[in-house]
Amino acid sequence: MKLKKIMALTLVTAMTAGMSLTGCGGSDGKDSGSDGGTSSDSGDSVTIKWISQGTGEDGWEGITKPILEAYEEETGVHINAEFYTFNDLFEVIETKSAAGDADFDVMSVDVTYVSKYGSSGYLEPLDQYFSDEEKAEWDDASYQAGVWEDTMYAAPENTSTQELYYNKTLLDKAGISVPENDADNRLTYEEVAELAKQGLKKLDPDGSQGYIGFDFQQVSRVYQMNMLANSMGGKNISDDGYSLDGVVNTKPWIDAMTWYQKLVDDGIASRGYDADQLGDQFSAGKVLFMIGGTWTPSNMTCDDEVGYTYAPCFEGHEDEVATSTGSWYFGINSKSNNKDAAADFIKYFTLGKGNDMWLEINGDVPSRIDKQDEIANNPDASEDMKIAAYEAANTAVPRAVTPVFGEYSTALDQAWEDVRNGADVEESLNNAVEQFDAATAAYK
Amino acid sequence: MGGIYIKNKWLPYLLILPTILMICIFKIYPIIDSVIQGFSSADSNFTLDNYKLLFADKTFWNSLKVTLKFNIIIIPIQIIVSFIMALFVNVKIRGIEVFRTVFYLPFCISLTISTVIWQMMLNVNNGVINSMLGVLGLKPIGFLIDKKWALLSIILISSWRGCAYWMMFILAGLKGIDSAVYESAKIDGSGFFNTMFRITIPLLKNTWLFVLVANTTANFLLFAPMQIATDGGPQGSTNVLMYEAYKSAFKYSNRPRQACLVTILLIIVMLICFVQNRFMTDKEAHR
């Protein structure tokens, strides 16, 4: 009996002590290398952790491997990269950063979140790591997008633009040729829709083959879809960054969304595929025309030939052509224990050899001025990249600059998706206005 | 005997101390912290502004409506279907264990994976359900993109898995009913439905209480299928309160708003569970 009592008391003490130690472990953010996946600095070898988006071998997870291997070979620093889906990355950053987690050093930051993360203290200011000469290597628009309240918080890995891509193989099969066009004499959205309709009639008259006529790579995301409203003269947000009233409930937005809804209702654009799936549909040879980013040709998984041209314009709005822009940036976790090493890695990926490799692999539009000049002046540079460089310089419309971009994208992403699925356009836009204005009431 | 009692007086409390500590640290403290955060301003002063802003937000009222609508439909469905499943697998025939296993299998698949699979099956373009409808000459249905169908589709996804879980508790309750009671009823000429409603269901009162309270809590806090399959749409028709709280915390970084939402959810769940407990508690057993 006495032995049983002693054992019971011992067990209780051990459990209580064990629980206390577990509760204390890691709460000060200094757990390093305990699970093999955190940043560490043991002796001569350094490991830094980078969290980003783009899972899978076809995504960033696969295509950045040579860059990370090259960096490790040159510097001896191992990059432990962790990839998430696009939507999950925002939640991971929010969860880890809000908790003051030090288990990662570098994060990929969507340009629209630089102001939010900077003002929330998630990002380490980078001014001490980048000289004025280094900052001047990027074009001013790209550099400024990584700055919030005069402090540089993030470095651009590239910028982006949108072009009209089409499946030449399928169009040839349908006997359709894309009319001649250039920057000053563009195809219109209406013309492209008509070509897509004709193509579908020939290739998939009963809809059983699953072909899509004309769609948008990042469907129902403000990055991509807002360019339709911008192409009719619509703005993205109020000047103070806190309201949508008088911005999206206006004629350009109503007309743009109405046109898009008709495209879907006519069976030319799709329903039911999300932004992660639509690009795959084009890559697999199931889409005739797609507005997409410059990474599109390199992502093809079938042998179909890809054609490309300037982004379309709307009839009657030929002087208001608009393309999406902005891309991913690199930032340092303000709680990182390896900030110097993290800054060095970011420099490699945004200004150094890593950036050369990245642009080569991913096909994105460079933020570096020397690379932009290279494209413009090189007669052997691909026409695709020349078009991209032109669009980035001449038709790019930046996304809304607001510290409440989460609320902004929720309201408008939902509006685009609702309209796609048949909701009344004006009602959807008015709902978005109400939703966003209610969300920003706390900040006014 | 009295001497032994005095010596061991503190032992039971010591033995449950670890559990009490864990409940305090991981349950009670976060609840209190959340409630306080809902009434705190940025400079930590008491304020009702967070709740004023929340109650002025149409999205909140829509989420509340969707949450109540979702639970009014799903709770009775899950309990009735689970009960029927439990009755089936309680039958004494050879090989019934196989059916028990098959019926329980959905719960062995994680909610995330089962939602993704159902999302693929319900896809309007190439989902297997719409393919079958096409074979029958019917038009495809936008199960997850039509606001008439989205909430029902989420209920289907959640119940496919949830009923397997609750079935086991009800089955355990059925096993606890003495077979002599059924024999007596049979001798007295009681038919199937009479036995069901006058003997089986009343004797399962304690089981019903547990299943009802646990099921209510689980469904009020459920949001993963909405996040994965519909993102709260279409047109906010699946945007439940818990998902709105999740977005407030992890997408908007608006902790006060999230704190207000979870506090309101807590109050709703507590009220409902209190009412259920009042009506379902076996007063005879407590006398």
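Into which domains is chain A divided?

1. Chain A is divided into domain 1 (44–159 + 327–391) and domain 2 (163–324 + 404–443), with bounds that come from an automatic or database domain assignment. This is a predicted model, in which local features need pLDDT of at least 70 and side-chain atom pairs count only at pLDDT 80 or more, while totals for chains, interfaces and linings use all residues. Residues are numbered from 1 along each chain as its sequence is written, and chains are lettered from A and ligands numbered from 1 in the order in which they are written.

2. The centres of domain 1 and domain 2 of chain A, taken over C-alpha atoms, are separated by 27 Å. Between them, 16 residues of domain 1 of chain A are in contact with 13 residues of domain 2 of chain A, where contact means that the C-beta atoms, placed from the backbone, lie within 7 Å. On the domain 1 side, helix 16 (residues 383–394) of chain A provides the largest share, six residues; helices (H or I, at least four residues) and strands (E, at least two) are DSSP runs, numbered from the N terminus.

3. Chain A also holds an open sheet of four strands in the order 9-10-8-11, with mixed pairing; two strands pair if DSSP finds at least two bridges between them. Strand 9 (212–216) and strand 11 (306–309) of chain A stand at the edges with a single partner strand each, so one side of each is left without a neighbour in the sheet. Strand 8 (residues 163–167) of chain A pairs with strand 11 of chain A in the antiparallel sense over four bridges, and A:Y166 has A:G307 of strand 11 as its bridge partner.

4. Of the 116 residues in the largest nonpolar core, A:V114 and A:F345 touch the most other members. Such a core is a set of buried Ala, Val, Leu, Ile, Met, Phe, Trp, Tyr and Cys residues joined through C-beta atoms within 7 Å, and buried means that 20 or more other C-beta atoms, placed from the backbone, lie within 10 Å of a residue's own. Domain 1 and domain 2 of chain A both give residues to this core, so the core lies between them. Not counting residues up to four places away in sequence, A:F345 touches A:I48, A:Y71, A:V77, A:I79 and A:V106.

5. Turning to the two chains, 28 residues of chain B are in contact with 32 residues of chain A. Helix 2 of chain B gives the most to the chain B side, with eight residues.

Notes. Buried ≥ 20, exposed ≤ 12 C-beta atoms within 10 Å, placed from the backbone.
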